[in-house]
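Welcome! Have the sequence and the 3D view ready as you read.

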Amino acid sequence: MLTIRFDRLGLRPGDRVLDVGAGFGRHVYECARRGADVVALDYAHDEVVETRATLGAMVEAGEIDLARFKGVLRGDATRLPFADASFDKVITSEVLEHIQDDVTAISEMIRVLKPGGMFAATVPAWGPEKINWMLSDDYHAPVAVGGHVRIYSKTELAAKLRAAGLELRGTHRAHALHSPYWWLKCAVGPRNDDHALVAKYRRFLEWDIIEQPTSTRIAEKVLSPALGKSIVFYGRKPLLRSPATEAVDDRSLAGAHSLASRPGVR
């Protein structure tokens with residue numbers, strides 16, 4: 001189940017991609033299938049081990065080229081172990097809402113992104129997430145260890161991304177059919193996976209992901225703008241301005257001031 005739209009990310013074969021908080025690797029697998037050179041990072045040991053094993057199995061099965069598999073490592077999003085401008089694309093999905101110092105994490109992700117590179121971040125959308133928090137304290141921090149520490153408004157995250165230096169290139173919502181599932185889970189208890197209604201809805205979502213029927217694809221398209229559980233932001237890191245460009249701009253500005261100072265010029 002993918003949340004990021006790779007056509008909007010502009011992903012191309014040979015791009016070097018970092019997935020921060022890759023989890024079990026759903027997005028990084030797709031990047032590798034599309035010919036990108038992938039690096040996955042996560043804080044959780046078990047997820048790092050499973051993602052590494054799955055990528056290895058994909059290589060053995062011939063689903064991806066070994067050259068695409070650059071590494072899976074455990075690390076901290078607020079202290080990324082990479083040099084500045086190391087990646088063409090940086091993605092992070094359902095991660096920032098777990099991090100106390102999200103401003104530093106965002107800054108680190110933009111630091112390792114090349115000028116002109118594209119960034120994508122997904123977080124829970126405000127409306128569906130607010131309902132989850134209202135239904136159960138066990139869903140979020142501090143009761144849920146490692147749970148969500150904030151509810152993002154669209155305005156808040158957009159401001160934080162811009163403050164980190166990104167030019168925003170649009171947003172969209174995704175996974176409308178997943179919102180009622182989480183409302184149901186929160187209503188009966190987030191850890192009550194054996195509840196009959198929860199189990200039945202989970203089987204429906206699993207069927208939908210595998211079969212992808214036209215009916216649910218239409219429902220997702222119609223409902224996601226209002227009910228989508230996730231919101232996705234896309235941004236671009238501006239190109240560096242060269243000294244020559246700065247000099248041309250300075251001369252142009254000086255010329256404009258000179259012209260404006262002439263008598264009769266308005």
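Which helices and strands each supply at least two residues of the lining of the second largest pocket?

## The second largest pocket

Please keep in mind that this is a predicted model. The elements to look for are strand 6 (167–174), helix 8 and helix 9 (214–227), each of which gives the lining of the second largest pocket at least two residues. Helix 9 has the largest share of that lining, with five residues.

This pocket holds about 560 Å³ of space. Its lining is made by 18 residues, and those nearest the centre are Leu-2, Ala-174, His-175, Arg-217 and Glu-220. Sorted by class, the lining has six nonpolar, six polar and six charged residues.

## The largest pocket

Now turn to the largest pocket, with about 1,800 Å³ of space. Here 48 residues form the lining, and Glu-47, Glu-94, Glu-97, His-98 and His-148 lie nearest the centre. By class, 19 of the lining residues are nonpolar, 16 are polar and 13 are charged.

Several elements each bring at least two residues to this lining: strand 1 (16–20), helix 2 (26–33), strand 2 (37–42), helix 7 (178–188) and helix 8 (196–211).

Ile-218, Val-222, Leu-223 and Leu-227 make a nonpolar surface patch of about 330 Å². Leu-227 sits in helix 9. With a relative accessible area of 32%, Leu-227 is partly exposed.

Notes: Residues are numbered from 1 along each chain as its sequence is written. This is a predicted model: local features need pLDDT of at least 70, side-chain atom pairs count only at pLDDT 80 or more; totals for chains, interfaces and linings use all residues. Side-chain values use heavy atoms; hydrogens and water are left out. On a 1 Å grid over the protein atoms alone, a cavity is a set of points where a 1.4 Å probe fits but cannot get out, and a pocket is an open set with protein on both sides within 12 Å along at least five of seven lines; lining residues have an atom within 4 Å of a point. Grid points are joined across faces, edges and corners, and a volume is the space filled by probe spheres set on the points. Helices (H or I, at least four residues) and strands (E, at least two) are DSSP runs, numbered from the N terminus. Ala, Val, Leu, Ile, Met, Phe, Trp, Tyr, Cys and Pro count as nonpolar, Asp, Glu, Lys and Arg as charged, and the others, Gly among them, as polar. Patches are made of residues with over 30% relative accessible area and no salt bridge: like charges are joined within 9 Å, nonpolar side chains (Val, Leu, Ile, Met, Phe, Trp, Tyr) within 5 Å. Accessible areas come from the Shrake-Rupley method with a 1.4 Å probe; for residues, only the protein chains shown count as cover. A salt bridge is a side-chain nitrogen of Lys or Arg within 4 Å of a carboxyl oxygen of Asp or Glu. Buried means under 20% relative accessible area, exposed over 50%, partly exposed in between (1.4 Å probe, protein chains only).
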